[in-house]
Amino acid sequence: MLEGKRSALSIISLEAQKSLFSSSSSAASASAVLDHFLPATESAAQETPFSPAPLHPGSFVSALVRCRSPAEIKKVHALATTAAMIDNLGVANKHVYMYAQRGALADAYALFSRMKERDNMSWSVIVGGFVKVGYYANCLQTFRDFVRSGLRIDNFTLPFVLRACRDTVSLRLGVEIHHLVFKAGLQSDFFVSAALVDMYARCGDVDDARKVFDRMPKRDMVTWTVMMSGYADCGNPEESLALFDRMREEGVVPDKIATVTVAFACAKLGVMHKAKMIHDYISSFNFSLNVILGTALIDMYAKCGSADDARVIFDRMRDRNVITWSSMISAYGIHGRGREALDLFPLMLQSGIRPNRITFVSILSACSHAGLVDEGRQFFHSMERDYSIEPDVKHYTCMVDLLGRAGKLCEALELSEKMTLEKDEGFWGALLGACRIHGNAVLAEKAAKSLLELRPRNSGYYVLLSNIYANAGRWEDVAEVRDLMASRSVRKTPGWTWIEINNETHRFRVGDKSHPQSKEIYETLKVLIEKLESAGYVPDTNFVLHDIDEELKAGFLYTHSEKLAIAFGLFATPETTTLRITKNLRVCGDCHTFIKLASTVMHREIIVRDAHRFHHFNGGGSCSCGDYW
């Protein structure tokens with residue numbers, strides 16, 4: 001029957017052939033369609049338009065490979081339909097694949113749904129096509145249909161559907177698909193395992209990601225990188241760095257993407273000796289500082305405590321984009337060097353780079369950390385006027401933070417009332433922080449109520465409100481906040497402080513006595529406190545929330561994790577060594593005062609990174625933040 005159709009096609013007039021392709025808007029003959037996509041041959045040259053070469057599945061597959069648009073695919077599709085070749089499974093699968101590749105998912109699915117026969121390739125192509133264009137609901141529904149079809153799931157389709165679970169953060173569904181993996185006996189398959197690691201890691205379940213990772217008989221660079229990134233994203237950058245070391249021990253040579261990932265993890269951890277190690281590794285392999293890697297190193301050095309090292313990287317880069325400039329501006333900003341941050345802006349413009357939204361967030365944040373109110377106002381108003389960038393909620397948040405820190409709460413409120421955008425967590429958090437600084441309990445209650453509606457599980461907001469009540473002596477309200485936390489099973493995030501000593505990181509919490517040298521630490525701290533009290537230090541008990549005796553409050557303050565870390569650093573390092581410590585929460589006001597005096601009395605430079613910014617104490621009785629944090 002097929003030969004009969006071919007014979008009939010060979011004697012159809014040119015006009016009749018045109019009518020066959022009217023649905024695809026083509027006026028070409030059947031042979032002309034193939035001639036357009038297939039390379040000319042001697043035999044083909046001898047054919048007349050009315051006598052095309054014999055048609056077979058390979059002709060259509062070859063023709064489809066050369067299609068560059070859905071319109072061209074439709075021409076071949078029309079010819080295959082006329083020649084009854086579209087019922088050939090290989091030809092149909094190739095059509096579906098090419099439609100999907102060119103983004104014509106409606107055409108791909110229309111053909112797929114009409115196919116009389118489907119194999120695993122058919123399902124894999126359509127499921128993968130939906131994922132690539134972000135049609136995740138269609139992907140997951142089609143995968144369900146695939147499972148119900150009775151065909152055995154394979155290592156082609158599973159990675160696509162696991163990617164859909166990853167991109168939609170559908171952990172529960174991802175776990176169900178993992179069960180199917182076990183039923184199909186594919187738990188040892190490299191491609192499926194790699195997709196599972198990626199899915200679990202991006203959904204925040206690093207423990208299950210690690211279980212799959214550890215069971216893999218072999219791992220490629222992408223899997224190592226995904227696992228490292230998963231730990232960094234989920235707040236465990238130490239394990240990211242440990243994996244990086246293990247990867248190299250196993251003989252896997254990290255590429256640029258892996259080094260960018262580990263630089264990001266190092267930035268999260270804030271450990272300078274690790275930053276130097278990563279930089280040395282990059283230099284040993286002569287990796288060029290392209291935009292992505294260079295920007296990652298700028299961010300890493302800035303968050304490990306050295307804006308100067310970040311600037312060295314910045315100056316060495318041949319190419320910089322707007323993110324690079326914004327990162328360097330931000331680096332100066334978090335270190336309290338607002339003027340230097342602003343000086344970069346005209347240089348960026350001179351280099352031909354136009355600022356974007358991120359640039360202005362960096363600029364306004366730098367103004368906020370340095371108390372540059374007038375400059376902040378000017379940049380905020382210039383956004384729309386000079387650069388056609390309409391401020392979003394992040395820019396308003398920066399302005400509220402800037403004005404609130406400067407004591408201009410009325411202006412901050414006026415600005416917030418003019419704001420037509422929906423206020424988010426960051427906005428209300430900035431307002432609550434301003435209220436804490438200036439003791440405005442009434443406004444703090446309004447901000448806290450909005451925050452607790454948005455994030456009822458965030459303990460930091462309860463603590464801030466408690467602090468404001470405690471400073472106002474409203475102990476009954478403090479108790480109510482604690483009761484609210486208890487009823488919602490919200491626990492205060494414990495404070496930790498890390499210090500780098502001889503390329504090792506030591507961690508402390510309040511009242512910690514678990515360190516092997518705990519005795520020496522408390523003896524050093526006792527001597528230090530005596531020296532500071534002689535220099536005029538008086539514990540600020542307003543930073544203790546408990547309604548207890550002042551002497552007990554002072555004793556509690558003396559054992560804050562920051563103080564323990566500094567005491568350890570003082571006796572464990574030579575007298576000229578800079579002490580670098582990191583706090584996971586905001587440094588309290590009493591510790592800030594304590595460190596300023598300790599730096600002066602002990603003639604030590606102390607660099608403190610807290611949850612908001614860096615504080616540089618250089619022994620001169622002041623901090624780089626200008627007490628403006």
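How many residues apart do R311 and D315 lie in helix α20 (residues 307–316)? They are four residues apart, which means that about one helical turn separates R311 from D315. The views below come from a predicted model, in which local features need pLDDT of at least 70 and side-chain atom pairs count only at pLDDT 80 or more, whereas totals for chains, interfaces and linings use all residues. Residues are numbered from 1 along each chain as its sequence is written, and side-chain values use heavy atoms, with hydrogens and water left out.

**View 1. The whole chain, with its helices and strands.**
The chain contains 34 helices and five strands, where helices (H or I, at least four residues) and strands (E, at least two) are DSSP runs numbered from the N terminus. Of its 629 residues, 49% count as buried, a word used here for under 20% relative accessible area, while exposed means over 50% and partly exposed lies in between (1.4 Å probe, protein chains only). Among the contacts with a separation of 6 or more, 64% are between residues 24 or more positions apart, a contact being heavy atoms within 4.5 Å. The accessible surface of the chain is about 29500 Å², and carbon and sulfur atoms account for 52% of that surface; such areas come from the Shrake-Rupley method with a 1.4 Å probe, and for residues only the protein chains shown count as cover.

**View 2. The salt bridge of R311 and D315 within helix α20.**
A salt bridge is a side-chain nitrogen of Lys or Arg within 4 Å of a carboxyl oxygen of Asp or Glu, and by this rule the count comes to 32. In the pair R311 and D315, the closest N and O atoms are 3.0 Å apart. R311 counts as partly exposed, at 22% relative accessibility, and D315 also counts as partly exposed, at 44%.

The side chains of E375 and R339 form a salt bridge, with 2.9 Å from N to O. Because E375 lies in helix α24 (residues 373–387) and R339 in helix α22 (residues 338–350), this pair ties together parts that are 36 residues apart in sequence. E375 is buried, its relative accessible area being 17%. D590 and K563 also form a salt bridge, in which the closest N and O atoms are 2.9 Å apart. Since D590 lies in helix α34 (residues 589–601) and K563 in helix α33 (residues 561–572), the pair ties together parts that are 27 residues apart in sequence. D590 is buried, with a relative accessible area of 1%, and K563 is buried as well, with 0%. Elsewhere, a network of salt bridges links R210, D214, R219, E239, R246 and E250.

**View 3. Helix α11 and the helices that cover its buried residues.**
In helix α11 (residues 157–167), the buried residues include T157, L158, V161 and L162, as well as A164, C165 and R166. Their cover includes α9 (120–132), α10 (136–148), α12 (171–183) and α13 (190–202). After α11 comes V169, whose phi is positive, near 50°.

**View 4. H515 in its loop.**
H515 is placed in the loop between β2 (504–509) and α31 (518–534), and it is buried, with a relative accessible area of 13%. Leaving aside residues up to four places away in sequence, H515 touches H506, F508, I521 and F568. Along the chain H515 and F568 are 53 residues apart, while their C-alpha atoms are separated by 9.8 Å.

Rolling a probe the size of a water molecule over the atoms shows where empty space is left. On a 1 Å grid over the protein atoms alone, a cavity is a set of points where a 1.4 Å probe fits but cannot get out, and lining residues have an atom within 4 Å of a point. Grid points are joined across faces, edges and corners, and a volume is the space filled by probe spheres set on the points. β3 (579–583) and β4 (606–609) each supply at least two lining residues, and β3 gives the most, with three.

**View 5. The second largest cavity.**
This cavity holds about 40 Å³ of space, and among its lining residues are V271, W498, I499 and T505. The elements that give two or more residues to this lining are β1 (496–501) and β3.

Definitions and conventions
1 Å grid on protein atoms, 1.4 Å probe; cavity = no way out; pocket = protein on both sides within 12 Å on 5 of 7 lines; lining within 4 Å.
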